[in-house]
Amino acid sequence: SLLEAQGDIIVRRNGSGLITYANDAFCELAGKPRDVLIGSTAELPVRGRGVGTVQADGTRMHDEEVESGLHVRWISWREVSVRSDSGTEVQSVGRDVTTRVAAEQALTFARDQAEAASRTKSRFLATVSHEIRTPLNGMLGMADLLLDTPLTPEQLTYTKAAKTSGETLLTLIEEILDFSKIEAGRLDIESRPFALASMIEESVELMAPRAQTKGIEIVSYVDERIPVIVIGD
């Protein structure tokens with residue numbers, strides 16, 4: 001009665017592989033009555049089996065995918081050798097872990113889907129970034145050619161602003177590519193000198209047109225105590 005109340009699947013076999021004991025849970029899973037199973041070598045309809053392990057005390061453990069009627073159930077088995085009046089027997093105690101396995105498979109599927117989506121996004125970013133750089137380099141090249149022609153001061157200012165905007169966009173595209181590297185764990189931080197004041201002035205120049213359309217004055221100030229050249233990415 002104690003063994004039946006546990007809810008686990010229990011079967012015992014002798015040295016010849018004949019069943020000497022089977023509880024109600026095993027009979028139900030096997031789909032056969034106890035009097036038919038006792039003395040037979042009946043096996044459960046197994047569809048698949050996981051990797052087995054052996055603990056220090058000799059207990060053998062493995063998972064099996066078992067067909068039960070119209071359903072498939074995963075059973076986690078623990079097998080131990082026991083002494084009986086007729087000699088040494090192997091007692092197998094199984095626990096239904098179908099819910100756990102289903103949850104693990106769902107998590108694995110969700111992880112695989114997320115990784116696939118991430119790889120697709122990275123490929124998309126890399127492809128689009130490379131495609132954008134082609135016409136952008138053409139625009140920058142035309143700006144350089146335009147700067148080599150006679151221009152009025154106003155035209156010179158506009159052309160330089162256009163080139164600066166293009167170079168900034170090119171830098172942004174490079175940073176988008178960096179996102180792909182970050183996901184792959186391959187981002188390399190650069191340490192190179194640059195003029196801080198020039199970078200700030202160019203940034204303000206880029207934002208000035210939008211600020212002016214909103215009636216906002218935007219200016220910049222760099223303290224003279226800050227080095228002219230700094231190092232960073």
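Predicted model: local features only at pLDDT ≥ 70, side-chain atom pairs only at ≥ 80, totals over all residues.

Student: What makes a residue part of the lining of the largest pocket, and which residues are closest to its centre?

Tutor: A lining residue has an atom within 4 Å of a pocket point. For the largest pocket 24 residues line the space, and the closest to its centre are Thr 171, Glu 175, Glu 190, Arg 192 and Asp 233. H5, S8 and H6 are the elements that give two or more residues to this lining. The largest share, 10 residues, comes from H5.

Student: How is the lining of the largest pocket divided by class?

Tutor: The lining has eight nonpolar, six polar and 10 charged residues.

Student: What is the volume of the second largest pocket, and which residues line it closest to the centre?

Tutor: Its volume is about 210 Å³. There are 13 lining residues, and Arg 13, Glu 43, Glu 64, Glu 79 and Ser 92 are the closest to the centre. Strands S1, S3, S5, S6 and S7 each supply at least two residues of that lining. By class, six are nonpolar, two polar and five charged.

Student: Why is Thr 164 called buried?

Tutor: Buried means under 20% relative accessible area. Thr 164 has 12% relative accessibility, so the residue counts as buried. Its place is in helix H5, residues 153–183.

Student: Which residues does Thr 164 touch, not counting those up to four places away in sequence?

Tutor: Glu 202, Glu 205 and Leu 206. A contact here requires heavy atoms within 4.5 Å.

Student: How do you know that the length of H6 is close to the expected value?

Tutor: H6 covers residues 196–213, which is 18 residues.

Student: Where does H6 bend, and by how much?

Tutor: The bend is at Met 207 and is about 40°. A proline, Pro 209, follows within four residues.

Student: Which residues of H6 are buried, and what covers them?

Tutor: Leu 196, Val 204, Ala 208 and Ala 211 are the buried ones. What covers them includes strand S8 (192–195) and strand S9 (229–232).

Terms used: Residues numbered from 1 in each chain as written. Heavy atoms only, no water. Expected span 1.5 Å × (residues − 1). Bend = angle between axes of the 7 residues up to and from the residue. Buried < 20%, exposed > 50% of the residue type's maximum accessible area, 1.4 Å probe, protein only. 1 Å grid on protein atoms, 1.4 Å probe; cavity = no way out; pocket = protein on both sides within 12 Å on 5 of 7 lines; lining within 4 Å. Nonpolar A, V, L, I, M, F, W, Y, C, P; charged D, E, K, R; others polar. Points joined across faces, edges and corners; volume = space filled by probe spheres on them.
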